[in-house]
Amino acid sequence: MATKVAILGAGNLGTAIAQGLIKSDIPAADITVTRRNISKVGHLQKEGFQLTVNNVDAIKNATLVFLCVQPKQLSQLLNEIKSSLSSDQIIVSTITGVSTEEIASQVEKKISIVRAMPNTAIAIGKSMTCLCAKDADEKQLAEVKRIFNALGETLVIEERLMKAATVLAASGIAFAMRYIRAATQGGIQMGFDSEAAQLIAAQTTLGAASLLLSRESHPEIEIDKVTTPEGCTIAGLNEMEHQGLSSALIKGIITSFDKINSIKK
Ligand SMILES: NC(=O)c1ccc[n+]([C@@H]2O[C@H](COP(=O)([O-])OP(=O)(O)OC[C@H]3O[C@@H](n4cnc5c(N)ncnc54)[C@H](OP(=O)(O)O)[C@@H]3O)[C@@H](O)[C@H]2O)c1
């Protein structure tokens, strides 16, 4: 049977998922997207997606039901759809900070739930998406994984690590951007205009990440290859460490983690 998808909440993430799903060979006509103010996503209809304000209609016949609203909008949405959900559907929740257990208790029925934590690079098919599942069998999890694999890289993790995944993968986009911006500013001070400096900094960061991923290498191995004895790279690198670069990054990541753990819904 063809996979039919409902995406409830066509904001930044919902829209990106809809557009990415086409790459996982699900036709736009089999994807229904909702939001209350659909005039803001009229372009999706032109792209072939089904568009409606009615969440209950949207989930009829859907194999996969994506929840893509803000955390504070979730209870109202679940109240609206829970009596129409059936146990052969799979809920895919992208909602930050809401556990599969909380969703299960709100829908008041046994249903497969997969929780997904992507990042904004999902819009260009380059997301790092962490997944965990509750009451989903291997086939159902594989189906969700297949979809997110078309939108980047996926990793199935234990649910207890979902907040850590939020910091490392979702907030991680901001951390990586700050590195690129700082490198750009250094480039400008050395004489490049900002456009050239940003291109060099961003492509170099992409290259560094690609070396690790494609060679399954280790950062220190790649660093050793570019640090000539008494050279400029090791001089700069050691100065960055004296200034606390690694320590600042680790402390920043742990501060984000402490913050996410302290946030009350
Ligand atoms: N952005 C990311 O990279 C990212 C990454 C990981 C996780 N997340 C999580 O993904 C969720 C969505 O994030 P986002 O950035 O896409 O937020 P967003 O842009 O605010 O999108 C939420 C959308 O939901 C719609 N909505 C609200 N209530 C609705 C309802 N009852 N029925 C149908 N649609 C409804 C809103 O549109 P209307 O007001 O028009 O209804 C809005 O467009 C959040 O829970 C966030 O924590 C986001």
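Cys-132 is buried (under 20% relative accessible area, with a 1.4 Å probe and protein chains only) at a relative accessible area of 1%. The model is predicted, so local features need pLDDT of at least 70, side-chain atom pairs count only at pLDDT 80 or more, and totals for chains, interfaces and linings use all residues. Residues are numbered from 1 along each chain as its sequence is written, and side-chain values use heavy atoms, leaving out hydrogens and water.

**Cysteines**

- Cys-130 is likewise buried, with a relative accessible area of 8%.
- The sulfur of Cys-132 has its closest cysteine sulfur in Cys-130, at 9.2 Å, which is too far for a bond.
- The count of disulfides (pairs of cysteine sulfur atoms within 2.5 Å) is 0.

**Ligand surroundings**

- The ligand is surrounded by 22 residues, where a residue is near if one of its heavy atoms lies within 4 Å of the molecule.
- Leu-13, Arg-35, Arg-36, Val-69 and Thr-96 are the closest of these residues.
- By class, this shell comprises 8 nonpolar, 12 polar and 2 charged residues; Ala, Val, Leu, Ile, Met, Phe, Trp, Tyr, Cys and Pro count as nonpolar, Asp, Glu, Lys and Arg as charged, and the others, Gly among them, as polar.

- The side chain of Arg-35 places an N or O atom 2.8 Å from an oxygen atom of the ligand.
- A nitrogen atom of the ligand lies 3.0 Å from a polar side-chain atom of Asn-55.
- Gln-70 has a polar side-chain atom 2.8 Å from an oxygen atom of the ligand.
- On its own the ligand has 880 Å² of accessible area, of which the protein covers 85%; such areas come from the Shrake-Rupley method with a 1.4 Å probe.

Notes: Polar contact = N/O pair within 3.5 Å; in protein donor to acceptor, adjacent residues only side chain to side chain. Buried < 20%, exposed > 50% of the residue type's maximum accessible area, 1.4 Å probe, protein only.
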